[in-house]
2 protein chains.
Amino acid sequence: MPPNDRSRAILLAVSGWERAAWEAKLRALAPHRDLHLWPDRIGARPQIAYACVWKPPTGLLSALPNLKVIFSLGAGVDHLVSDPDLPRVPIVRIVDPDLTSRMTEYVVLQVLMHHRRLRLYQDQQAERVWREYPQPAAGEVGVGIMGLGVLGRDAAQVLRRLGFRVAGLSRTGSSMADVETFRPDQRAAFLARTEILVCLLPLTAETRGIICLRLLRGLKRDGALGGAYLINAGRGDLQIEADILAALQEETLAGVSLDVFATEPLPPESPLWLHPKVTITPHVAAVSDPGALVANVLQQIERFEQGLPLNNLVNRRLGY
Amino acid sequence: MPPNDRSRAILLAVSGWERAAWEAKLRALAPHRDLHLWPDRIGARPQIAYACVWKPPTGLLSALPNLKVIFSLGAGVDHLVSDPDLPRVPIVRIVDPDLTSRMTEYVVLQVLMHHRRLRLYQDQQAERVWREYPQPAAGEVGVGIMGLGVLGRDAAQVLRRLGFRVAGLSRTGSSMADVETFRPDQRAAFLARTEILVCLLPLTAETRGIICLRLLRGLKRDGALGGAYLINAGRGDLQIEADILAALQEETLAGVSLDVFATEPLPPESPLWLHPKVTITPHVAAVSDPGALVANVLQQIERFEQGLPLNNLVNRRLGY
């Protein structure tokens with residue numbers, strides 16, 4: 001940084017979220033650091049060194065002459081790297097044990113819901129019907145996770161502990177204990193052994209629309225569960241929603257859990273809402289908790305100012 | 001055993017279950033051993049050395065002069081020890097990794113369902129409502145398990161891995177890593193820190209009716225979840241069903257998952273069926289899989305005939 005640059009203030013700019021809790025936490029944990037607030041109390045731009053953002057408006061960050069680091073406050077950085085004017089400063093992704101645990105809870109809940117036929121038993125309950133269905137052991141069921149980053153690996157570990165046959169598909173095909181790993185060129189084999197597909201991919205140019213009818217038709221339908229299931233907790237734009245509906249219609253899919261959608265909130269006219277085989281949650285799989293994340297960001301700022309390297313940097317070329 | 005006793009045949013006597021799969025598995029894995037079948041092909045009683053049973057009729061076992069061991073094919077032995085004429089031979093409980101895994105799946109699914117407010121989001125979905133609720137971290141939520149046997153410990157381990165604050169209540173108060181354990185005389189303290197109560201107790205004279213209004217009123221209602229939840233996957237006679245309904249009515253309980261009932265199948269007139277805060281499954285939490293369990297039983301018979309000790313013996317005085 002230039003020797004006369006004394007900027008050390010933080011800008012908080014979140015859209016679509018309530019700002020108050022983030023502001024309160026930043027003030028509580030960094031009382032001696034100036035806090036600028038978008039959009040109403042943005043103050044002198046040259047003082048801003050760090051931007052803590054979620055879906056900031058285009059142009060906001062490029063107007064900060066002394067910006068040093070951008071912190072993305074939620075999982076995923078597609079909201080940032082899609083901006084062609086984004087300043088060429090480091091972008092730090094949120095990797096936080098709290099966020100990871102929440103995503104693992106969501107994934108494990110949805111996998112078990114399909115595996116243990118919870119919706120079928122709920123439907124029976126509404127009819128006062130007492131009927132038992134055959135229940136395969138977890139060890140007979142192939143769960144496949146697309147995206148083996150921090151989130152995918154943690155979910156995979158718990159699913160392994162529960163006994164499922166777990167596989168992972170990732171760009172690098174990197175290995176993991178007790179989990180069969182596949183590279184993108186081995187996708188057909190990955191899908192052919194997968195009855196429950198969990199998508200935790202980042203949204204990039206390569207992954208946009210990856211959940212399409214062609215991919216879904218590759219899943220294993222004749223396995224222990226007698227059908228294939230999809231769980232998407234990554235990003236809505238990973239999925240072609242019309243293709244998911246078509247896959248349900250032709251029984252390529254037996255059930256779907258979606259936490260994310262191409263348009264959020266999901267419009268009332270979407271046929272996904274009332275489809276009997278779709279379970280919808282309003283993008284709550286892993287909600288950022290200001291308490292845990294602000295502490296994480298401030299720690300990284302302290303390290304950065306001591307000349308130490310930043311953790312969890314985004315690779316702009318890969319887009320995540 | 002008497003020196004002239006050459007009995008080594010197996011009796012299979014299950015009621016309420018389909019017999020065919022058990023019979024097929026026994027024939028496949030023990031082709032050289034005679035198999036007697038209750039009620040239609042019981043054959044010569046003196047030849048029977050081993051009884052593999054689930055809810056056998058009263059009097060059946062006491063009429064077997066050379067019976068050496070009773071194997072209970074499902075979790076729990078209350079169906080046996082309540083018979084005053086039961087022969088004084090060893091009773092072996094089923095402890096099988098397959099059964100344990102299935103129970104852990106059920107418990108983890110139901111805990112996560114309440115923790116992550118799945119039913120609330122399902123109700124919203126039916127109304128096409130997109131609304132997010134505050135979600136406490138697992139580490140803020142106290143899960144309490146009554147019964148820390150093999151099943152309770154396994155579920156506790158996975159719940160710990162998911163981050164929950166887990167406690168256990170057991171007769172001996174035996175300790176467990178990362179789990180706070182309580183003895184029966186510390187029950188009030190156990191309940192006061194528990195927001196999600198999981199019951200995996202055996203049914204004995206002491207535990208019958210333990211889930212009553214008084215116990216439920218001891219649960220923590222003002223914790224991170226803002227309400228208390230009950231999950232019973234032990235035995236139906238552990239619970240007073242009228243008290244559970246009263247606890248829901250007075251908001252002592254915010255939600256209930258029941259897999260077992262005082263009368264099974266649950267009668268159509270039970271108000272539990274259509275209660276909006278009750279999730280009912282037809283006694284499927286941990287269904288005995290003949291494949292895994294028959295192999296386990298035969299292994300124990302082989303060991304017994306070699307003079308080795310039996311595993312997982314029932315303590316008749318304690319009733320489990």
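Mentor: A helix here is a DSSP run of H or I with at least four residues, numbered from the N terminus. Helix H3 (97-115) of chain A is one such element, and helix H4 (118-126) of chain B is another. Each supplies at least two residues of the lining of the second largest cavity. Keep in mind that this is a predicted model.

Trainee: What makes a residue part of the lining of a cavity?

Mentor: A lining residue has an atom within 4 Å of a cavity point. For the second largest cavity, A:Tyr106, A:Leu109, A:Gln110, A:Thr281, A:Val284, B:Arg116, B:Leu118, B:Tyr121 and B:Gln135 meet that test. H3(A) gives the most, with three residues.

Trainee: How many cavities does a search of the whole structure find?

Mentor: Two, with a cut-off of 30 Å³ or more.

Trainee: Which residues line the largest cavity?

Mentor: From chain A come A:Arg116, A:Arg117, A:Leu118, A:Tyr121, A:Tyr133 and A:Gln135. From chain B come B:Tyr106, B:Leu109, B:Gln110, B:Thr281 and B:Val284. H3(B) has the largest share, three residues. By type, the lining holds six nonpolar, three polar and two charged residues.

Trainee: Why is B:His36 called buried?

Mentor: Buried means under 20% relative accessible area. B:His36 has 5%, so it is buried. This residue sits in strand E2 (residues 35-37) of chain B. Beyond its neighbours within four places in sequence, B:His36 is in contact with residues including B:Ile10, B:Leu12, B:Ile42 and B:Ile48.

Trainee: Where do the buried residues of H4(A) lie around the helix axis?

Mentor: They are A:Leu118, A:Tyr121, A:Gln122, A:Gln124 and A:Gln125. Viewed down the axis, they fall within an arc of 160°, so they line one face of H4(A). Those buried residues pack against H3 of chain A. They also pack against H3, H4 and strand E12 (278-280) of chain B. Just after H4(A), A:Arg128 takes a positive phi of about 55°.

Trainee: What about H1(A): which residues of this helix are buried?

Mentor: In helix H1 (residues 20-29) of chain A, they are A:Trp22, A:Glu23 and A:Leu26. Their arc around the axis is only 100°, so they are on the same side of H1(A). An α-helix has 3.6 residues a turn, so residues three or four places apart point the same way.

Trainee: What do the buried residues of H1(A) pack against?

Mentor: Their partners are strand E1 (9-14), strand E2 (35-37) and helix H9 (290-305) of chain A.

How values were computed: Residues are numbered from 1 along each chain as its sequence is written. Chains are lettered from A and ligands numbered from 1 in the order in which they are written. This is a predicted model: local features need pLDDT of at least 70, side-chain atom pairs count only at pLDDT 80 or more; totals for chains, interfaces and linings use all residues. Side-chain values use heavy atoms; hydrogens and water are left out. Buried means under 20% relative accessible area, exposed over 50%, partly exposed in between (1.4 Å probe, protein chains only). The arc is that of the directions from the helix axis to the C-beta atoms. Contact means heavy atoms within 4.5 Å. On a 1 Å grid over the protein atoms alone, a cavity is a set of points where a 1.4 Å probe fits but cannot get out, and a pocket is an open set with protein on both sides within 12 Å along at least five of seven lines; lining residues have an atom within 4 Å of a point. Grid points are joined across faces, edges and corners, and a volume is the space filled by probe spheres set on the points. Ala, Val, Leu, Ile, Met, Phe, Trp, Tyr, Cys and Pro count as nonpolar, Asp, Glu, Lys and Arg as charged, and the others, Gly among them, as polar.
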